Amino acid sequence: MDDSSASYIHLVHHLIEECLVFNMSKEECMEALSKHANIKPVITSTVWKELEKENKEFFEAYARKKAERATVMETRERIEKILANSTTIRDTK
């Protein structure tokens with residue numbers, strides 16, 4: 001691998017780390033890098049997969065936290081709907 005390829009992969013690696021800071025999924029990261037950095041999704045996917053292989057425990061924990069966060073958000077949305085409905089019902093009486 002020549003220096004330009006290595007530096008490009010290093011750049012993609014760095015941008016994926018930035019995506020992780022923002023709790024993005026692999027698909028969200030692929031889309032963001034394609035749109036904002038003109039990096040082909042297949043490149044992002046390949047580098048992401050290599051990072052997963054090298055950092056298995058991190059990505060397992062990341063996936064668990066992401067799932068937990070989604071569950072918390074869903075619960076919050078349900079509670080907000082219940083509260084909004086109860087307010088609407090109370091206001092109509």
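Axes here are lines fitted to C-alpha atoms, for helices over the stretch in contact. The model is predicted.

**Stop 1: α1 against α3**

Select residues 3-21, helix α1, and residues 41-54, helix α3. Their axes come within 10 Å and cross at roughly 75 degrees. Angles of 65 to 115 degrees count as roughly perpendicular, so α1 is roughly perpendicular to α3.

Now show side chains at the crossing. From α1, pick Tyr8, Ile9, Val12, His13, Ile16 and Leu20. From α3, pick Ile43, Thr44, Val47, Trp48 and Leu51. Coloured by residue class, this contact of α1 with α3 shows 9 nonpolar residues, 2 polar and no charged.

**Stop 2**

Over the whole structure, a search finds 4 aromatic pairs. Begin with phenylalanine 58 and phenylalanine 59, whose ring centres are 5.2 Å apart. Their planes stand at 90 degrees, so the pair is edge-to-face.

Next, move to phenylalanine 58 and tyrosine 62, a stacked pair with 5.9 Å centre to centre and 20 degrees between the planes. Both residues lie in helix α4 (residues 56-92), 4 residues apart, about one turn of the helix.

**Stop 3: exposure of the rings**

Which of them are buried, taking under 20% relative accessible area as the cut-off? Phenylalanine 59, at 9%, is buried, and tyrosine 62, at 13%, is buried as well. Phenylalanine 58 has a relative accessible area of 44% and is partly exposed.

Note on methods
Residues numbered from 1 in each chain as written. Predicted model: local features only at pLDDT ≥ 70, side-chain atom pairs only at ≥ 80, totals over all residues. Heavy atoms only, no water. Phe/Tyr/Trp six-rings, centres within 6.5 Å; stacked < 30°, edge-to-face > 60°. Buried < 20%, exposed > 50% of the residue type's maximum accessible area, 1.4 Å probe, protein only. Helix = DSSP H or I, 4+ residues; strand = E, 2+ residues; numbered from the N terminus. Axes fitted to C-alpha atoms, helices over the stretch in contact; angles between N-to-C directions. Parallel < 35°, antiparallel > 145°, perpendicular 65-115°, else oblique. Contact = heavy atoms within 4.5 Å. Nonpolar A, V, L, I, M, F, W, Y, C, P; charged D, E, K, R; others polar.
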